Amino acid sequence: MFDLIEIAASNGKVLEHRFKLLKSNMAPDTAVSLQSFADFVFSDGRVAMNMRPMPLMSFLVFGLHQNLYEWARARAEESSRPVEDLIRERLGDYYSRRTTFDRHFKNGEALRYGALNAGGLGVRLYGDYCVVLHIRQFEQSNVVAYLRSDSLKTYLLPSGLVDDASLQRDATPHSHRHIFAAIKYEPKITPSAEVLWPTLLCSGADFIEAVFLAQVTPVEVESIRIEKRQYQELFHYAYQNLREKLTDERRNLVEAFVLIKRLMRQNNIPLEVTDNA
């Protein structure tokens with residue numbers, strides 16, 4: 001079976017060589033900017049997972065993150081439905097691609113997915129709450145591989161098979177995440193746009209995927225980020241304008257916001273309100 005984490009661990013020296021060669025062929029000022037971006041990712045880069053309100057509340061209440069397969073096994077125990085039926089129903093059209101990719105790897109059903117993030121709001125397609133994980137668990141053990149982009153869009157061939165050659169080329173260990181990011185985004189890095197570097201690194205349009213085996217509990221959460229305008233609106237309806245007529249869906253989002261804030265306080269997790277998209 002393909003061991004993605006081990007493949008990533010073996011790629012460090014190759015990445016160092018590619019980065020050195022890339023800089024050697026640049027003008028000095030351009031090389032300095034590229035190194036500055038790499039340093040920024042090294043110092044500020046974290047694995048982050050975007051979540052919607054209900055999964056985030058479940059995570060904070062029960063104290064444990066469930067990936068797809070853990071969720072399905074728990075639901076199967078509670079309902080007597082077959083695990084595979086639950087997985088198939090939840091994934092819908094993505095079932096074949098997601099399970100093909102995950103089950104291609106050693107410990108594939110234990111994998112979790114996030115993105116390399118350095119200050120932004122993450123990949124909001126997956127949820128408006130950006131859960132930022134402490135760096136320590138990724139520094140202390142070999143548990144993560146960074147990939148060029150969304151794995152299902154990048155590493156599945158038209159035949160439906162996994163593109164092993166591209167994975168072997170791209171899989172990157174935690175120690176070299178900053179070099180990988182600099183190589184990927186080199187054409188877009190400009191020193192005059194440093195304020196945009198967090199969005200360049202990770203947004204709904206593009207990101208570096210983090211595939212990891214580490215367990216996630218609230219203790220591993222460094223902070224949770226939310227967009228400033230959304231925070232202000234939810235806060236307004238939760239605490240300052242209680243009689244405003246809202247749809248049931250909107251009112252549920254407001255009440256979820258209140259519960260999430262309380263659960264974060266109980267777990268000593270700071271809330272970061274940011275303008276970064």
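These legends describe close-up views of a predicted model.

**View 1. The largest pocket and its centre.**
The largest pocket of the model has a volume of about 1600 Å³. Its lining is made of 40 residues. Those closest to the centre of the pocket are Asn 50, Arg 52, Leu 68, Arg 90 and Tyr 126.

**View 2. The elements around the largest pocket.**
Helices and strands both take part in this lining. The strands β1 (46-51) and β2 each supply at least two residues. Which helix gives the most to the lining of the largest pocket? It is α5, with six residues.

**View 3. The largest cavity.**
The structure holds one cavity of 30 Å³ or more. The volume of the largest cavity is about 30 Å³. Its lining consists of Tyr 129, Ile 226, Tyr 231, Phe 257, Ile 260, Lys 261, Met 264 and Leu 271. Helix α14 provides the largest share of this lining, four residues. By class, seven lining residues are nonpolar and one is charged. No polar residue is found in the lining of the largest cavity.

**View 4. Asn 107, a residue with positive phi.**
Most residues other than glycine have a negative phi. Asn 107 has a positive value, near 60 degrees, and is not a glycine. Where does Asn 107 sit? Its place is in the loop between α7 (95-102) and β2 (112-117). Asn 107 counts as partly exposed because its relative accessibility is 45%, and partly exposed covers the range between under 20% (buried) and over 50% (exposed).

Asn 268 is not a glycine, yet its phi is positive, at about 55 degrees. The residue lies in the loop between α14 (248-266) and β7 (271-274). Is Asn 268 buried or exposed? Asn 268 counts as exposed, because its relative accessibility is 68% and the cut-off for exposed is over 50%. Helix α14, at one end of this loop, is also the helix that gives four residues to the lining of the largest cavity. Leu 271 is among the residues that line that cavity.

Conventions
Residues numbered from 1 in each chain as written. Predicted model: local features only at pLDDT ≥ 70, side-chain atom pairs only at ≥ 80, totals over all residues. Heavy atoms only, no water. Buried < 20%, exposed > 50% of the residue type's maximum accessible area, 1.4 Å probe, protein only. 1 Å grid on protein atoms, 1.4 Å probe; cavity = no way out; pocket = protein on both sides within 12 Å on 5 of 7 lines; lining within 4 Å. Points joined across faces, edges and corners; volume = space filled by probe spheres on them. Nonpolar A, V, L, I, M, F, W, Y, C, P; charged D, E, K, R; others polar.
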